[in-house]
Structures are given as structure tokens and as C-alpha cells.
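Dear colleague,

Please find the structure below. My notes on the chain contact and on one helix pair follow it.

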Amino acid sequence: MDKMGKIDLSAKELQEEVEALSGQRVFACYHCGKCTAGCPFASEMDLTPRQVLEYIMEGRVEVLNSRTIWLCAACFTCTVRCPNGIDIARVMEALRQILLRRGEDSLDLASLGEEELPQIALVAGARKLIG
Amino acid sequence: MKRDGEPRIGVYICHCGTNIAGVVDVKAVAEFAKGLPGVALAKDMMYACSEATQREIINDIQQERLDRVVVAACSPKMHEPTFRAALERAGLNKYLFEMANIREQDSWVHKDGGQATEKAKDLVRMAVARARLLIPYKESEIPVGERALVVGGGIAGIQAALDLADSGYKVFLVEKEPFIGGHMAQLDKTFPTLDCSTCILAPKMAEVGRHPNITLLTNAEVEAVSGFVGNFKVKVRQRARFVTPECTACGECVPVCPVAVPDEFNMGLGLRKAIYKSLPQAVPAEYAIDIENCLNKPNLLVCEKCLQACSPKAINFEQPPEKELDLEVDTVIIAIGADPYDPSKSQDYGYGKYENVITTIDFERLISPTGPTLGKILRPSDLGKPKRIAFIQCVGSRISNPELEGNPYCSGICCMVSIKQALLIKEKLPEAEITIYYIDIRAKGKGFEEMYRRARLAGIRFIKGLPAEVLENSDKSLTLVGENILLGELYEHRHDLVILSVGLEARKESEKVQKLFGLARSSDGFFAEKHPKLEPVDTATTGIFLAGAAESPKDIRESSIQAKAAASRAARLMKEGKIRIEALSAEVREELCAGCGICESVCPFNAIHVDGTSHVTEAACQGCGVCAASCPVGAIEMHHFTDAQVLAQVEAALADRPKEKIIVFTCNWCSYAGADMAGTSRLEYDPRVRLIRLMCSGRLNPQFALRAFELGAAGVLITGCHPGECHYQSGNLRALSRYELLKRLLRSLGLQEERLALEWVSAAEGERFAQVVNAFAGRLERLGVLTKAKGEEPALTTAEAGRREG
């Protein structure tokens, strides 16, 4: 992961924005690891879901550059298992929204042009990549 | 009470160093106090609780002929006993003392000196108004004899019973199982010393069995309780054993018994007969017949095998199936223990589904020489030797997600249980690979950290990071997938045996026992102690004490400590032979009483009976005041919390600028302590609130709230313990139903019902108290100044209406 270049957020702003967007108390995490343990994509992620929470608690803005937040399929397995009741899927969505609402990585449907895209990719992309 | 002339009240305002004086203008408050009616002198002092100041107060009482004392300082929970003692030293009745809480509920929660000083003045005015009406009471003494009941025959009950019996008291030990010993009897070794559990327990059990001062009642359960300290009447139901004391424990009956059922003592891992013993050293030594599973039923003999095998003729199927015993005891110790968490309630780890997933308590039986495998560690599916063994920590523990099965607390024992068991496996199977999956290792205790180190040095792997679930493979081995948190990498490990480290939870019988004895439980389900730090083995009911895991999860050592403490607390009462009862009881004014019986039906302590008119059993009355608030004719007066005293506080709180003020009624146990906690935590809240302490929210006479509105108060907030946590069992629910009625009444009077609110706040919820108060203040802000709905001033007849309604 590169150092965050595009978005200028302080540690505190990151934490506040994540908590405001997700409605979740990230600081309740005590690192049991069950979110990672049940995550179907964990092996492909650069940060484990648990590490994402730790990055937020540490105020490390480079979490926004992580592959993890885009690999998250919002399957909610982590959410239903979290003993502290943190809806981790919402936290992932909040991180995506921080980027998308600033126009980063967002999908401009009109610019897709004529290229052939599977319908499922189009629908999923529209859902996930539009702020 | 009729008083001769104006009272002479001494008022003392404490600086508490800068704790109070740093915010509140203490001298201005003292000056203000001098002008209040009935105040003979008012002073400010640096530390009111110091011995020198107390001597000064005593001197003032004697020289200045003071007959009432008000101290404005910290919470009465802190120093009320100190000042009451000073009054008694000066020859003044201790009930003539009143405290204004200007620290926890003022200087610590308001930053603005002006507002805090205004509030301090109001709090002093309220205290003085109440002090004027205080009445001296004599505390009654009731005799306490020398008989104790111990409920539960685990290690806590055994220890408590033995200490009491050795001190010469008569003990009835009631155990619901046919044998005593509890969970400790099921354990193989104990941590951190690796003593053999049975070896240290069996002599204690034997001592209970033969002690001349102990009456051991096994197969027995408490069915009904009435009375009070010094005079508890307890009904015990005892199921028949069908084996008489002639039994020599030769065991010849066992092989001939044709019935085999899962052995609960061995956690169902083995079988036992219908005539059985938990373990060879069991106490009582006589075998017991499990009549549920025996082929014979009372009065129906179909199988005589054991009868024929028994040479001492100790088996008797003609015993009545159960009998009732009436006991009279003076003190009670509750030692019912705890249940291990049952992980089959959550599907994640496959307990009850996969044969090779067991719990730590199952494993105790597996490794015990008296267990089903005679101490051999075998995996249940094929009785093979497991090579790779995993422990999963925190199963059912530390779960604060309400959607999930489990308990929010840490039981504090499971880490050491797993470490101990891992070391025991290492001894028996040195080749085994053992992994402990954990979140945090909690090894606080004498010798615990050392044992944890031993385990690490022995090659036991500790992996931080719990698996999300257990998957069974076709060879019945188990796969765990998770994150090795310290590496930030995923693991996927195969194990032959997975041991779930389960915590403890409140016994399923807890609710029944709570109701029988009139006790309180905390939100985790365990019994609540009188004070978590300073009265950790007392309950709120005098004469009833707690021992062992009934109060919270404990290991053997902690259970012993608490049992011995409970025994000495009970002995202290019984040795004295009498007890002074706080004079907070109800008193019936017979000339007003119509004998309707409402008070009798609402009293949670059976302390009132109607015989023409109502009569209060003073020793049984706990002083909640639910009866007084329910009495339709106002015939019940609560000592030290009379209607007149409370109304005087309401009026004093609203004497100045009433339309800005918010009256908050609190109960003594939860919400008042919660407000103190807000103070201790320095959580700011709206400075316009004025607290009035009642013993219970159920004491709230609707008239109190109506009087506040009549005087123009902006709002009234009623607070009490959370449902299920009431110190008086259900007083808070009475408050809830009165609140609903009051709202209707406000509507019918044309007042906005939103000005009345009810909230539950526990003693630990300082943050919640501040939030609740601020939210309510915000709501009142939006409603504006109190007016009638149609813009008129409130009618002055509201109190009359209240009297009719209340």
C-alpha cells in the first residue's frame, strides 16, 4: 500500500468520518480475529478485516489505499460473527464512501461507452462504485 | 411529631479542599444558609469529615443546643455514617442528620461557578427544609439465634458450613443433588498447583458428613421462605434416596442393576446405573437410587436385583418419595454456584454435533482417574490417542453483541483452566501438539503467570486469533480457520480434538432462588452483593449472605475466600445474638387505615398483614415505601422518608425561579448512585436539575410529582433501577405503572405529558445518567415554560386531584 496521496484527512477526521458514515463504534474491537477468520476473501486481501479496524483506530489514512475495502463483498459474515456487535461490512462501506464521495475510484457510468460488460459486473459496479 | 418551637439547625458547608470550593462559592452558600428558617448557625469548613471538624460539630451541638445537623459536602453514600456517628457521640439521635450532596452532584458536574453556587444554595435549602421535619427514631433490636442455612453443597457451601459448624453454630446444608461436592468434585487437578481436586476436597466432604453441628440434607431443595434475620422459616422438600444409612458402600448393588443411563457427573461421557455414586469418595457415602430411571416406582416393585444383592438390607423402596421439612434458621448463606456455559446454544463450533468437540468441563472427566476412560485421554469418535489438540478460548464469553448467544463478561477462570489442562495433556501425551487459540490471556492470580510461562516453555502454542467456526473432516478431525493476529496471516489447522474453553453463567435456578429469598441479581444474572467493593458478601437483605460462584464466576480459591468471609459475616450476627434494624420501616396510622389490603398485596417482603387494619412486621420491612405510595388514604408513613419531608424538599427546590427547575426523583440504590457515578467521572450535565432521593422509585407518591408541577417546575424525571435489578424486587415496576397513570392525569389536567419522564439508570451508569438528564432538559427546552395546554397557568387543584387519584 502506498502512502495516501490523494485524500487529505487527519487521523481524527478519518475516525470521525468512518464512525459517522457507518454508525459503528470501531473502538469496541478487541481483536479476536473472527471477522478475518470467517471472511471468504481474506486470503486475497492486503489487510485483513481486523487490520482494517486497527488501521482506523490508529488513524492511518493509508487504509483508504487498501485492496481490502474493494475486495469486501459485503457478505456480512464478519458482521454476524463480531462479538462486539460491530457491523464491519458497514465500516468497509464507509471507507469506500470516503473515497467515492470525493470522486476517487468512482465509476462514471456514462463514460463506459460501447464496450461489452457482463450485466452482473455492471450492476455490482453501479452499486459499489458510485458514491 | 409535635415539636416545641422552632428547631435549631446547624449547617456546615464543606470545601473538600478545592473539590467543592474550586467551583462553588462556599462562603456565599454558608451566608445564604444563615438566613434559612430554623438555622441556628452556619459555617464553612475545609474538610467536614476530619476528626477535628467532627469534634467542632459535637461541641456546637452541645454548646449551641443544636437539635438538627445539615452537612453539605460529598455524597451521603460516602460520609453519612461518619456524621451520624458524630451526632450520636454528641447525644443526638442519628436520624436528625441530613446531608446535601454538593460534590458528586454539583461541583463535580457543573463547571460554571455561578450556576453551581446557585444549585448548592438550593440543595442546602432543600436539606434544611427536610431537616426541619426530621423525626428521631429508635432502632429496634431483634434477637438472632445460632442456626444457619447454607444453600448449595459445592466447595463454597462446604467451606461456609464447616467454618460455621466449627464455630459452634448449627448448620443445615441443603444440596439438590444426592451427593455434595459440586463442580469441584468433577475436576481432576486444580490450577496453579496441580493438586488433585478430589484429594483436597474429599476430607472436607467427609467432615461435613460427620460433623455433629451439620445437618446434611441432600436430594433437597428449598421450596418456600418467609421471615427475616433471626427468624427465617424455610420449607425444604427432600426426595427419597431409597438407600438407608445402613449402606456400607460395598457396591454390590451396582453390577446387578440392569439400568444404564448417561452419567451426568461424567458430563454424559459415560454410563451409570440407576443405583449409583458420583465418585468413590462421595458424601454421603450411601449409594442413591435415581428413581426416575429405576425400573421400580414407589409402591411398584418390578425388579429386586439390588435388594437381593444388598447384604446389610439398606435398600428400602417403601420410603415416601418425598418429604417436607420445616426449618427455622437465623442466617442464610446462598452458595448455589454457577453453570458452565453450554456451547451447543451457538452453532459455530459444532458442540453437540461433532463428536471430537468437547468442553473444558467434559475434558476434566476425560482426564480424571475416576472418569469414564479412567484418566486416559482418548478422542471420543474412535477412542484413539489425539495427536493435535486445540483449545478455543472465550467460548460464550465477552460477547456484547446482543444478536449472538453468550455472555458479555469474562469469567476469569477459563484461561487458567485451559493452561492447566494443556499442561496435564503434555504430562500424559508428551508428543501431542497443543494449540491454545485466544484473544487475551488473563492470568492474574497467585502463581498464575508462572503457570502460563511453564506452559509456553513446555511448547504449548498460543495463537492470538479465534477461529470463526469448526469444520469437521471425513476422518472426524477438525479444521480451524482464522487469523494469526500477531502475523497478520491466515491459518488453517487440523486438530484431532477441539476443547472449548467455556465460562460460567448464572445457575438456571437463580431466578427461583432470587424470588424465594427476595434477593437482587445484577444484569449478568448473578446475585448482587450489597456493595461491590465494601460489602462483597452481604446481600441487601440483612442476614442473607453470598458465597462462591453464585455471586460471580470464581475459581476454587476465590470461592473459599468468599465462603469463609460469608461464614464470618453470618457468625458475627449470630454471636452478637441481636441486631439493630435501621429505622426505615413503614408505620401504619391505624386511625386512617381502612383495611383495604392494597399494601399487603404490593409488599414484596410479606411484611404487612391486614387484620382489621394493616400491621407492619418491622423486622421484615425493608423500607422501600411501595406500600405508602399505594395507600389510597395516606395511612402509611415511611420512617425518615415521610410524605411531608419529601414534599418539603420539592417545595424548597422550587422556591426560587421554579420554572427553570427540573425535579429528578432517584432511588437510593441505582439512580442516585448512578448520579454519584456521573460526579465521580466528572460528566457534566444540565445544572437546572434538583435531585430528591427516595429509597425506591416505587416510593414515588404521585402527589410528589404533581406538587412539583403545581409549583411550576419545568419537568419531573423519575429514575430507578433497570427492570429486574430493583433492590426491592419490583418497586421500579410499580413506579412504571404509576408513571403511566400520572401521564394520563397530566393530560386530563391539560398539562403536557412530555414534562414527565421515567428512565432506568443503574449504579454504574454515570454516563447514562448524564445523557438521560441532558436529553430530558433538551426536551423541556423545546416545550418552553410550563403552561397549561391552552395557555393558562396550571390549576392549583392538581395536588387535590393527585390525592384523589393516588
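In this predicted model, 20 residues of chain A and 21 residues of chain B make up the contact, where contact means heavy atoms within 4.5 Å. About 1,600 Å² is buried between chain A and chain B, 52% of it from carbon and sulfur atoms; buried area is the accessible area (1.4 Å probe) that two parts lose on being put together, summed over both. On the chain A side, Tyr30(A), Lys34(A) and Arg81(A) lose the most area to chain B, together 34% of what that side buries.

Three salt bridges are counted between chain A and chain B (a side-chain nitrogen of Lys or Arg within 4 Å of a carboxyl oxygen of Asp or Glu). A salt bridge also joins the side chains of Arg50(A) and Glu483(B), at 2.8 Å from N to O.Within chain B, the axes of helix H2 (residues 51-63) and helix H3 (residues 76-89) come within 9 Å and cross at roughly 40 degrees. Helices are DSSP runs (H or I, at least four residues), numbered from the N terminus; axes are lines fitted to C-alpha atoms over the stretch in contact, with angles from 0 to 180 degrees between N-to-C directions. H2(B) contributes Glu51(B), Gln54(B), Arg55(B), Ile57(B), Ile58(B), Ile61(B) and Gln62(B) to the contact, and H3(B) contributes Thr82(B), Phe83(B), Ala86(B), Leu87(B) and Arg89(B).

Residues are numbered from 1 along each chain as its sequence is written, and chains are lettered from A and ligands numbered from 1 in the order in which they are written. Local features need pLDDT of at least 70 and side-chain atom pairs pLDDT 80 or more, while totals for chains, interfaces and linings use all residues; side-chain values use heavy atoms, leaving out hydrogens and water.

Regards

How values were computed:
Helix = DSSP H or I, 4+ residues; strand = E, 2+ residues; numbered from the N terminus.
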